[in-house]
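Here are my notes on this one, in the order I'd go through them with you. Have the model open as you read.

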Amino acid sequence: MFIEDWFEELRQKVDRIEKEWATASTEKQEHLIRQLKQLRTCSDQVIDLWLKYEEKLNEAIRMIKQTSKIPASATESLVKEYDKLSEAKQPLEFSTLLEDEQPQMELHKELYEKAEGFYHLRLYEQAKQHFASFLEQAPDWESGRLYYAYSLYYCCDYELALKEFRLLTRTAVSPNVVSISFNALGCMYVQEQKWLEAIQAFEMAISVRPQYTESRYNLAICYLEQGDTEKTMKLCEQLLAENDQDWQVEVLYLRAVRQLFARYPQKDIERMLKMYDPNRNLDSPTLWELAMLAEQAGFYRHALSCYQFLLERQPLDAGLWHAIAWNKWLLDGPKQAMPALKKALTLAPEHPDYLFSYGWMQLATGEITSARIAFTKILNATENHHLGLLGLIYAHEGEGAYDQAKDIATTLIQKQDQYSQMLGHYQLGKLSLQQGNQIEASQYLEKARSYSDVVPEVNQWWERCKNTKDHVQVTTNQTAGISTSTAEW
C-alpha cells in the first residue's frame, strides 16, 4: 500500500467519526473517543519516526556531499535536492552558530532536534513546549530562542513573542539572529499599524545585515504606507536590479508609481521610472494586477506583455483580446489594434464596451459612418449608455450634423450626475463654436471648466473661444474636434 493511500484511509476514519458523532448514543460516543485516541497515538508515532528518519537521511546526504569522490555530475542532483529542501523548510536563517556553544548543543541535541522538527511540521504548540524545555537547559542558545519566539508568535502569544524578539535584539551575537529578530519586530508593528516603529525596526535589521532582502522589501511597504513614494521606488529599483523576476517587488513598485502619478505631472517623473519586462511564469492573478497597475501608471507596453501572457492561457477570453487591442492602440495606433479588437467582437459581438472601442477607433481613422453605426447599436440595446451617447455626438459632429449632435449633448445636461452635465456643456460649447456662435459657446464652456483638470481639452476650446480672431470653417465632411483622447470617459 502506498503511503498516500494509508494517510487517506486515516483521514477517512476521522471523517467518519465527525459524521457519526452528532447522532451517536452515549455508548457510541465513548467508542468514537477511543478511536480518536488511537488515531492521536498513531499520529504522534508517525511524527517521531519521521523525525528520526529525517535526521538519518540528512546525515547521509551531508556525509556523501563532503566525502564523495564520484564526479560532481553524479551527485549534483542529490545535493541540489537536499539544498532545496533545507532552504524550503527553514524560513528563518540560522547560518551563524557560536563555537563555544557547540559542546552545549551536543548535550541537548535530541531535545533541540525534536523541537525543531515540530516547528518545521508547523506543529507550533508542540514546538513551543519543547523549545521552552530546551531553553531551561540552554538559555543562551540563540537559534533555540529564535525558534521559540517564532513558535510563540504562531501560537498567537504575541506579547511573549515580542518580549523574546526584543531580548534577542539586545543580547544575540549572531548578525543573522539579530537582523531576523528586528525584522520580526517590524512585522508585528505593521500588524498593529505602528508604521514609524516598524520602519525603525526594519532599518535596524538592514543596518545589521545590509543585504537582508526581506527587511528591505518590508521597509519599502512601510514607506509607501507613509506616503514616501520616492523612497519606496528607490528600494524597489535596488531589489529589482538584484532579481528582476521578483513579481512582489514589481507590484509594489507599480503601486508607488501610481501614487506618484497622482501627485506629479507625468512629464516630470517619466525620467525617474524604471521598469522590467514581466515574467510569463507568474500566476494569472499576479499578471492581472501587474497589467492593471501598469496601465494606470502609463506603462502600456508592460501591460500589453502581461495581457499577452494571459492570452496564452485563455485564448478565448474576449476581455483579454479587448485589453490587448486597447493597449496596442495607445502604443501604435488604431490600425495595429483593430485585428485584436475584431477578435474580441467575434467572441462577444454585443458587448457594449467592445462596440464603443470599435466605434472610437473608427472615428480616429476617419470611418465616421462605421463609427455611427457602432454607437447606434449600443444605444439600441441600452438607451442611456453614457459612452454610446458620447460617441454618437462625435460621429454626428464628424458628419457635419451639428443639430443632431447638440440634441444628444442636451440629454447629457439633463442627467443627475455633475460629470455628465459637464460633458454635455463641453460638447455644446464646442459644437456652438464650430457653428460660429461664440457667445453661446462661451456660456457652455464656462460651465464645463470646473472639470478642466479631468478633461484638458475644455481649456483648449475655452482659449479658442476667447480668441475673437479665430474663424472656424464648417464643412460637411470635416471631423473637427475628434481626437483619440480618452480623458472624457
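1. Start with helix 19 (residues 352–364): its 13 residues should span 18 Å at 1.5 Å a residue, and the end C-alpha atoms are 18 Å apart, so expectation and model agree. The expected span is 1.5 Å times one less than the number of residues; helices here are DSSP runs of H or I, at least four residues, numbered from the N terminus.

2. Before going on, a word on sources: this is a predicted model, so local features need pLDDT of at least 70 and side-chain atom pairs count only at pLDDT 80 or more, while totals for chains, interfaces and linings use all residues. Residues are numbered from 1 along each chain as its sequence is written, and side-chain values use heavy atoms, with hydrogens and water left out.

3. Which residues of helix 19 are buried? Tyr354, Leu355, Phe356, Ser357, Gly359, Trp360, Met361, Gln362 and Leu363 are, buried being under 20% relative accessible area (1.4 Å probe, protein chains only). Their cover includes helix 17 (318–332), helix 18 (334–347), helix 20 (368–381) and helix 21 (386–398). Just after helix 19, Gly366 has a positive phi of about 85 degrees.

4. Helix 17 has 15 residues and reaches 21 Å between its first and last C-alpha, close to the 21 Å expected. At its start, a side-chain oxygen of Asp317 comes to within 2.9 Å of the backbone nitrogen of Gly319. After helix 17 comes Gly333, again with a positive phi, near 105 degrees.

5. The buried residues of helix 17 include Leu320, His322, Trp326, Asn327 and Trp329. Among the elements covering the buried residues of helix 17 are helix 15 (284–297), helix 16 (300–313), helix 18 and helix 19.

6. Now the largest nonpolar core, with 125 residues; Met361 and Leu363 are among those with the most contacts inside it, as are Phe131, Phe165, Tyr307, Phe375 and Tyr426. (A nonpolar core is a set of buried Ala, Val, Leu, Ile, Met, Phe, Trp, Tyr and Cys residues joined through side-chain atoms within 4.5 Å.) Helix 13 (residues 247–263) gives the most to this core, nine residues. A second, separate core of six residues includes Leu10, Ile17, Leu32 and Cys42.

7. Leaving aside neighbours within four places in sequence, Phe131 is in contact (heavy atoms within 4.5 Å) with residues including Tyr112, Tyr119, Tyr147 and Tyr148.

Methods: Helix = DSSP H or I, 4+ residues; strand = E, 2+ residues; numbered from the N terminus. Buried < 20%, exposed > 50% of the residue type's maximum accessible area, 1.4 Å probe, protein only. Polar contact = N/O pair within 3.5 Å; in protein donor to acceptor, adjacent residues only side chain to side chain.
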